[in-house]
Amino acid sequence: MAALSSPSSSPQRSATAAKCLTSHSPHFRPPCHHSLTSSISSLRAPVLRLNARPITSTFLHSSSRGFVIRASSQVGASGSDPLLEKLSSVKDSFWRFLRPHTIRGTALGSVALVTRALVENPDLINWWLTFKALYGLAALICGNGYIVGINQIYDIGIDKVNKPYLPIAAGDLSVQSAWFLVLLFAAAGLFIVGCNFGPFISSLYCLGLFLGTIYSVPPFRLKRYPVAAFLIIATVRGFLLNFGVYYATRSALGLTFKWSSPVAFITTFVTVFALVIAITKDLPDVEGDRKFQISTLATTLGVRNIAFLGSGLLLANYIGAILVAIYMPQGFRRSIMIPSHTILALGLIFQAWVLEKANYTKDAISQFYRFIWNLFYAEYIIFPFI
């Protein structure tokens, strides 16, 4: 704030006033209180008004008697709205709690499989079934939310080291609120599936919730055992999702279940892919896993070896996809299968090379893991067209 001055004020008084006004404290200090009072009283034109609250914004305007300086900490002065800020914070915490990258995988998978079933039976398409498909997607997102949520509740200490941005670990979401959300997700998902998809799909859904529970919750906490953890993730994200969605879609179309070559391929491919995700997901978490004595392949074999193992399995997956297209031309479109999987395989090799050059730093590992998820999304995007 500039020093206040007028032609009739002395330089000494102006300096004293300026010193007090430029103080970082919002309160007047005793040594300069009387000097400031006398300085202000000698200035006839300017008028100074200060709020007692901390100053967050200032603005200058003129009045009929001179300049008026007003400082306000009110929210309206800064143009922000406490209610909107609170709602934005709640929305952000809720979205982080859902783990968006897993939501995208679930949504893409279900949409791709429904699309494939409709492409195979275009004469049976009933657009009213769109609502049923949306119910199914909502149920899958609820199940996904329950599984990732229950894992966060029992991993608070580990997440404070490995994933401090997650809402419970960051203190943005209370444990009580998290329990409310996961129970709500489970109840809503079961209700939707039970009302719309019959006993068989309901039993598969319950199996998925059960596997997600014993993965994270003591005394089972099967995530501590690498083989059990891999099998659970591969089963839930690989087999149950693909088989269940395709079965439910055919049932809604009035058809009995029957494997098609593309659906058998994507189920096998994604199950292997889910196994790779289960292996590589521990790469960014080695520090926290070692601290809490959680045994994973990454802590046992080392980050570099697991990165090579995951890359090798994925590369074998892509080679298998290319060979399937070559030897089964009647079941697949070679013009899409071969070029797309070749490009994805080359991208994987390049990212593995980048990781090696970066000497497996934490940032490079996180980038590599995100790239693996992008490959996962890409597979579902091209699936309806193969």
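View 1. At 11% relative accessibility, Phe-243 counts as buried (under 20% relative accessible area; exposed is over 50% and partly exposed in between, with a 1.4 Å probe and protein chains only). Phe-200, at 37%, is partly exposed. This is a predicted model in which local features need pLDDT of at least 70 and side-chain atom pairs count only at pLDDT 80 or more, while totals for chains, interfaces and linings use all residues. Residues are numbered from 1 along each chain as its sequence is written, and side-chain values use heavy atoms, leaving out hydrogens and water.

The chain holds 21 aromatic pairs (rings of Phe, Tyr and Trp, the last by its six-membered ring, with centres within 6.5 Å; planes under 30 degrees apart are stacked, over 60 edge-to-face and the rest tilted). The ring centres of Phe-200 and Phe-243 lie 6.2 Å apart with planes at 85°, so the pair is edge-to-face. Because Phe-200 belongs to helix α10 (residues 198–216) and Phe-243 to helix α11 (residues 226–252), the pair ties together parts 43 residues apart in sequence. Helices are DSSP runs of H or I of at least four residues, numbered from the N terminus.

**View 2. The pair of Tyr-246 and Phe-257.** Tyr-246 is buried, with a relative accessible area of 1%, whereas Phe-257 is partly exposed at 24%. Their ring centres are 5.9 Å apart and their planes stand at 80°, so this pair is edge-to-face. Tyr-246 lies in helix α11 and Phe-257 in the loop between α11 and α12 (261–280), so parts 11 residues apart in sequence are tied together.

**View 3. A cluster of aromatic rings.** Ring pairs link Phe-265, Phe-269, Phe-273, Tyr-318, Phe-332, Trp-373, Phe-376, Tyr-377 and Tyr-380.

Conventions. Helix = DSSP H or I, 4+ residues; strand = E, 2+ residues; numbered from the N terminus.
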